[in-house]
Amino acid sequence: MLNRPEPTFRESVDLMFNRAVALMDLPPGLEEKIRVCNSTYTVRFGVRLRGQIKTLTGYRAVHSEHMEPVKGGIRYSLGVNQDEVEALAALMTYKCALVETPFGGSKGGLCIDPREYEEHELEMITRRFTYELAKRDLINPSQNVPAPDMGTGEREMAWMADQYARMNTTDINSRACVTGKPPHAGGIQGRVEATGRGVQFALQEFFRHPEDVKAANLSGSLDGKRVIVQGLGNVGYHAAKFLSEEDGAKITGIIERDGGLYDEKGLNIEDVHQHIVRSGGVKGFPSGEYVVDASKLLEEKCDILIPAAIEGVINIGNADRVQANLIIEAANGPVTAPADEILRKKGIVIVPDMFANAGGVTVSYFEWVKNLSHIRFGRMGRRQEEARHQLIVNELQRLDEHLGSSWSMSPGFKKKYLRGAGELELVRSGLDDTMRAAYQSMREVWHSRDDVPDLRMAAYLVSIGRVATSYKAKGL
Ligand code: NAD
């Protein structure tokens with residue numbers, strides 16, 4: 001097995017696509033039209049930094065425009081290259097189709113290590129990159145809407161939105177040119193946590209189906225399950241935090257750039273996170289065992305493995321040593337195509353990336369809609385909802401007094417029931433609904449066809465089917 005060459009990220013995505021499409025009856029040529037990346041723009045631009053001109057390279061790939069705008073994050077990392085952005089753009093197409101957000105797929109990246117720059121330098125770089133993309137409509141509320149990814153966050157999105165607005169002073173919808181902005185700059189509550197929250201909702205839905213839990217050789221609920229997480233960044237931190245604080249899961253392992261932590265009894269995520277914020281890594285954390293070769297923890301026994309850092313970490317080199325029962329791909333492409341095959345043969349169940357990390361794009365969709373409608377969710381209905389609930393509570397109290405006190409409301413009921421849903425509650429509700437519906441669409445295919453052995457293939461079948469329908473409707 002070790003003699004087989006490891007495919008590139010894009011080749012891996014194409015291999016997985018081909019495996020699924022072989023089962024479909026698409027019109028001749030449509031398969032290729034869907035698979036290929038429509039365009040990739042490479043930009044090289046100069047920025048004057050520390051007294052000299054530094055030339056930087058960035059990309060924006062547009063995989064499919066069957067729906068517009070196209071959508072996908074912008075990554076800042078030294079590993080960014082054309083193959084990677086094209087693979088990530090393709091995954092965005094399938095992801096958006098699977099969770100029914102009305103977008104085509106895109107992705108961008110800038111080849112820098114953001115940790116090497118001061119804040120004002122990053123702002124200059126981001127604004128210049130935005131300028132290059134915006135003048136080619138590669139950032140545009142109706143054509144191409146970026147979002148955060150590895151190495152970028154709310155701050156970068158706010159700079160991009162502001163740069164776009166400066167270049168398009170009469171565009172009333174300019175805020176919708178990018179999502180993942182801070183709430184005070186046109187963002188939406190719950191976007192920062194969205195991808196990790198989506199991972200939690202995905203696992204909660206998985207554990208609602210005993211048949212699926214059994215397929216992973218597990219039983220019961222998330223409570224007490226041993227979880228190992230790779231990457232305690234935006235996605236990994238939120239997923240691990242919610243799973244441990246709200247669902248009773250035990251985070252037994254954390255894999256970071258500078259090493260790993262292992263503790264059978266479970267690690268406190270908030271404490272580890274604070275330690276990383278203070279010291280820049282996990283080394284020196286006072287509890288648990290520090291592991292120098294952190295990637296070895298990918299092979300440690302656990303119930304659920306959550307790769308939430310980068311692509312290709314489970315590959316031909318280590319797949320046969322992975323011992324987790326269930327892998328949920330919080331990162332994009334953490335399992336290569338050959339590793340996927342090895343894990344499947346071992347009976348490990350994989351919840352695929354295009355579903356598992358779709359929480360980000362789902363809440364980005366809500367943000368984009370909010371920007372276009374120029375009103376926050378819940379503003380019109382919240383107090384009216386509360387007033388109607390108050391009517392019922394008043395009526396119950398009146399009956400109670402009238403009948404004599406044979407019963408009373410549960411403690412806390414009145415306060416909880418009277419509270420109308422604000423933006424955060426609505427966002428979480430919409431995200432939960434989206435994750436449940438998407439999971440059900442995958443599992444239906446998984447369980448109803450003998451030739452579909454896993455959730456990834458089911459996910460591809462659902463999403464490619466939807467993209468194909470959209471192309472056909474356009475007359476292609
Ligand atoms: P991030 O930059 O916030 O965090 C990445 C974390 O991984 C960091 O803590 C970093 O130190 C760690 N890391 C990087 N390389 C590592 C390695 N080799 N070994 C161990 N740890 C390593 O990034 P993020 O936004 O959390 O994104 C993580 C993954 O999730 C990426 O694959 C990204 O494409 C995917 N994703 C992110 C979002 C989003 O909304 N941010 C949405 C969908 C998918």
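1. Thr-93 is buried, its relative accessible area being 0%, where buried stands for under 20% relative accessible area, exposed for over 50% and partly exposed for what lies in between (1.4 Å probe, protein chains only). The residue belongs to helix α3, residues 82–98; helices (H or I, at least four residues) and strands (E, at least two) are DSSP runs numbered from the N terminus.

2. This is a predicted model, in which local features need pLDDT of at least 70 and side-chain atom pairs count only at pLDDT 80 or more, while totals for chains, interfaces and linings use all residues. Residues are numbered from 1 along each chain as its sequence is written, and side-chain values use heavy atoms, with hydrogens and water left out.

3. The side chains of Thr-93 and His-63 are joined by a polar contact of 2.7 Å, a term for a pair of N or O atoms within 3.5 Å; within protein, one must be able to donate a hydrogen and the other to accept it, and residues adjacent in sequence count only if both atoms are side-chain atoms. Leaving aside residues up to four places away in sequence, Thr-93 touches His-63, Ser-64, His-66, Gly-104, Gly-105 and Val-467, contact meaning heavy atoms within 4.5 Å.

4. Asn-318 sits in the loop between β10 (304–307) and β11 (326–328) and counts as buried at 7% relative accessibility. With residues up to four places away in sequence again not counted, Asn-318 touches Leu-298, Glu-299 and Val-313.

5. The protein is divided into domain 1 (37–187), domain 2 (194–359) and domain 3 (379–420), with bounds that come from an automatic or database domain assignment. Between the C-alpha centres of domain 2 and domain 3 the distance is 42 Å. Domain 1 and domain 2 each give at least three residues to the shell around the ligand.

6. Of the 22 residues around the ligand, those that come nearest are Arg-75, Asp-149, Thr-195, Glu-256 and Asn-332, a residue being near if one of its heavy atoms lies within 4 Å. By class, the shell has 9 nonpolar, 8 polar and 5 charged residues.

7. An oxygen atom of the ligand lies 2.7 Å from a side-chain N or O atom of Asp-149, and a ligand oxygen is 2.9 Å from a polar backbone atom of Val-235. For Ala-309, a backbone N or O atom is 3.2 Å from an oxygen atom of the ligand. Taken alone, the ligand exposes 820 Å², of which the protein buries 85%, the areas coming from the Shrake-Rupley method with a 1.4 Å probe.

Note on methods:
Ala, Val, Leu, Ile, Met, Phe, Trp, Tyr, Cys and Pro count as nonpolar, Asp, Glu, Lys and Arg as charged, and the others, Gly among them, as polar.
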